[in-house]
Amino acid sequence: MSIFLGIDAGGSKTTCVAGDETSVLATATTEGSNVIRWGEAEARSQLHEAIQKACAEANTRLGEVRRICIGMAGAARPVISSIIKSIVAEIFTGEVEVVGDMVIAMQAAFGSKPGIIVIAGTGSIAYGRNKDGHTARAGGWGYAISDEGSGHWIGRAAVSGVMRAQDEDEASPTGLALSILHAWHLQTLDDLVRAANASPTADFSNLFPHVLAAADAGDPIARTVLTQAGAELASLAKIVIARLFEEAATVPVAMSGGVFGNAALVRNVFYNSVRSEYPQAVVGATVVEPVKGALELARQGAQRR
């Protein structure tokens, strides 16, 4: 029996799945390991821990693992791929494949078939492949200039919305504002302004659960932000549809990432917006787990050898 590892190395969490040729044996989760976001030292710590935990839970030794596939945002850049391979090579002597997060998500959603995957986690991107094998992407250019509709974008938009509300009415801070202050261990809106402008150290993505809770409680700012997020993600999907599937009879579309997984409002706005312009779009109701694609690619790589 051969053992394979698939890893989804995200900005907020790292998921490692151990499996044999046909079954999943164990799953382990650690903190985020995206090297662009957290740096090499933190990526090393989280990746090593995830790999070792998955092997332990699968009751197998790392030396028995045949191949590892890792998906990470930004890994299409050779310098990033090289860093990740070096990190894993410190504890694993076998073959390691490093690909972009959209590659493992596409594999999980569609295998080798055509379709569009829209990822909304800490960052965001839309990526598609048509029946002729042509590919296109939209978004995913990093949190400072892109990543529309992502967890980071939502947190930043929420802070912006809170401050706009303060501009319009200097009454007591809204419920969302108080929740954000609590999340960042701050006392006043002035403190919030200073912390939010301390970029790149400001971690807007950790505000997403607080925005979600506020929206569920009926907070209008939070609901507006999540509505805008769904529309932004739909815009990314529409760009890829226009480039690859304009004349297609059907357009398979899948969602992936924690924003889609946790925010029904974002999913609903996304679905309605995409379908209003492209009624031939078939949007999957299930949020895809990219790590399953990473495991499958690890298996396929071994079969090609």
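**Note on side-chain pairs in the predicted model**

1. A search of the whole structure finds two aromatic pairs. Rings of Phe, Tyr and Trp (for Trp, its six-membered ring) are paired if their centres lie within 6.5 Å; planes under 30 degrees apart count as stacked, over 60 as edge-to-face and the rest as tilted. The structure is a predicted model, in which local features need pLDDT of at least 70 and side-chain atom pairs count only at pLDDT 80 or more, while totals for chains, interfaces and linings use all residues. Residues are numbered from 1 along each chain as its sequence is written, and side-chain values use heavy atoms, with hydrogens and water left out.

2. Trp184 and Phe204 form a tilted pair, with 5.5 Å from centre to centre and 55° between the planes. Trp184 lies in the loop between helix 6 (175-183) and helix 7, and Phe204 in the loop between helix 7 and helix 8, so the pair ties together parts that are 20 residues apart in sequence. Helices (H or I, at least four residues) and strands (E, at least two) are DSSP runs, numbered from the N terminus. Trp184 is buried at 13% relative accessibility, and Phe204 is buried at 6%. Here buried means under 20% relative accessible area, exposed over 50%, and partly exposed in between (1.4 Å probe, protein chains only).

3. Phe260 and Phe270 form an edge-to-face pair, 5.0 Å centre to centre and with 65° between the planes. Phe260 belongs to helix 10 (residues 258-262) and Phe270 to helix 11 (residues 264-277), so this pair ties together parts that are 10 residues apart in sequence. Phe260 is buried, with a relative accessible area of 0%; Phe270 is also buried, at 0%.

4. Salt bridges come next. The criterion is a side-chain nitrogen of Lys or Arg within 4 Å of a carboxyl oxygen of Asp or Glu. By this rule the count comes to 11 salt bridges. One of them joins the side chains of Arg37 and Asp203, at 2.5 Å from N to O. This pair links distant parts of the chain, 166 residues apart: Arg37 is in helix 1 (residues 35-38) and Asp203 in the loop between helix 7 (189-196) and helix 8 (208-216). Arg37 is partly exposed at 23% relative accessible area, as is Asp203 at 21%.

5. Glu95 forms a salt bridge with Arg67, with the closest N and O atoms 3.3 Å apart. Glu95 is in strand 5 (residues 95-99) and Arg67 in strand 4 (residues 65-71), 28 residues apart, and the pair links distant parts of the chain. Glu95 is partly exposed at 28%, whereas Arg67 is buried at 3%.

6. Arg194 and Asp191 meet in a salt bridge of 2.5 Å, N to O. Both lie in helix 7, three residues apart, about one turn of the helix. Arg194 is exposed, with a relative accessible area of 54%. Elsewhere, Glu40, Arg44 and Glu90 are linked in a network of salt bridges.

7. Arg137 lies over the face of Trp141, at 3.6 Å from the ring centre. The rule asks for NZ of Lys or CZ of Arg within 6 Å of the ring centre and within 35 degrees of the ring normal.

8. Ser33 is in the loop between strand 3 (24-31) and helix 1, and is buried at 0% relative accessibility. Leaving aside neighbours within four places in sequence, Ser33 has contacts (heavy atoms within 4.5 Å) with residues including Ala9, Gly10, Thr14, Trp38 and Met72.
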